[in-house]
Amino acid sequence: MSKTQLDLMVPIPVRRAVRKLGQDIRDARLRRRISTAVMAERASISRTTLNKIEKGAPGVSLGNYANVLFVLGMAERLGDLADAKTDTVGLELEEERLPQRIRKPRQNKSGGKSSQSGQKSKA
């Protein structure tokens with residue numbers, strides 16, 4: 001698959017987000033004064049792959065992005081990307097599915113709770 005085909009398959013907001021991530025990774029590397037050769041070696045990737053990451057290429061594997069973030073000391077934040085606590089849409093949908101009211105379990109005519117099999121208990 002060519003680069004242009006891959007770019008057409010990736011939604012624009014995703015492209016922007018990955019491009020920003022790449023730029024942020026590049027800025028973090030430069031702030032730490034780490035050369036591309038050293039960074040690539042520490043992340044166990046080629047300099048070409050590092051260059052693609054810093055340009056925000058969507059075709060680079062997430063594992064390579066994670067290795068680079070690890071080298072920069074930022075890998076712990078990767079685990080929080082889709083954290084359920086910050087998933088506002090998911091939390092709202094879950095809240096909509098909550099029951100409106102909760103009923104007491106039905107009781108037999110004898111006053112005891114009914115058993116799960118539907119038979120009367122011998123008490």
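These points cover helix packing, salt bridges and one annotated region in a predicted model.

1. Basis. Local features need pLDDT of at least 70 and side-chain atom pairs pLDDT 80 or more, while totals for chains, interfaces and linings use all residues. Residues are numbered from 1 along each chain as its sequence is written, and side-chain values use heavy atoms, with hydrogens and water left out.

2. Helices α2 and α4. Helix α2 spans residues 12-31, and its axis comes within 5 Å of that of α4, crossing at roughly 115°. Helices are DSSP runs of H or I with at least four residues, strands are runs of E with at least two, and both are numbered from the N terminus. Axes are lines fitted to C-alpha atoms, for helices over the stretch in contact, and angles run from 0 to 180 degrees between N-to-C directions. On the α2 side, Arg-19, Gly-22, Gln-23, Ile-25, Arg-26 and Arg-29 meet Leu-50, Ile-53, Glu-54 and Lys-55 of α4 (contact means heavy atoms within 4.5 Å). This contact has five charged, three nonpolar and two polar residues. Asp, Glu, Lys and Arg count as charged; Ala, Val, Leu, Ile, Met, Phe, Trp, Tyr, Cys and Pro as nonpolar; the others, Gly among them, as polar.

3. Helices α4 and α5. Helix α4 (residues 47-55) packs against helix α5 (residues 62-71) at about 90°, with the axes 11 Å apart. The two are therefore roughly perpendicular (65 to 115 degrees). Thr-49, Leu-50, Lys-52 and Ile-53 of α4 touch Asn-64, Tyr-65 and Val-68 of α5. Four residues of this contact are nonpolar, two polar and one charged.

4. The whole structure holds two salt bridges, the term meaning a side-chain nitrogen of Lys or Arg within 4 Å of a carboxyl oxygen of Asp or Glu. One of them joins Arg-29 and Glu-54, at 2.5 Å from N to O. Arg-29 is in α2 and Glu-54 in α4, so the pair ties together parts 25 residues apart in sequence. Both residues are buried (under 20% relative accessible area; exposed is over 50%, partly exposed in between, with a 1.4 Å probe and protein chains only).

5. Lys-20 and Asp-24 pair at 2.6 Å, N to O. Both lie in α2, four residues apart, about one turn of the helix. Lys-20 is exposed at 52% relative accessibility, whereas Asp-24 is partly exposed at 34%.

6. Annotation. An unreviewed UniProt entry places "domain: HTH cro/C1-type" at residues 25-56. UniProt positions follow the numbering used here, feature names are shortened, and annotations may be inferred rather than shown by experiment. In the model, residues 25-56 are 72% helix and 0% strand, with the end C-alpha atoms 9 Å apart.

Note on methods: Angles under 35 degrees count as roughly parallel, over 145 as roughly antiparallel, 65 to 115 as roughly perpendicular and the rest as oblique.
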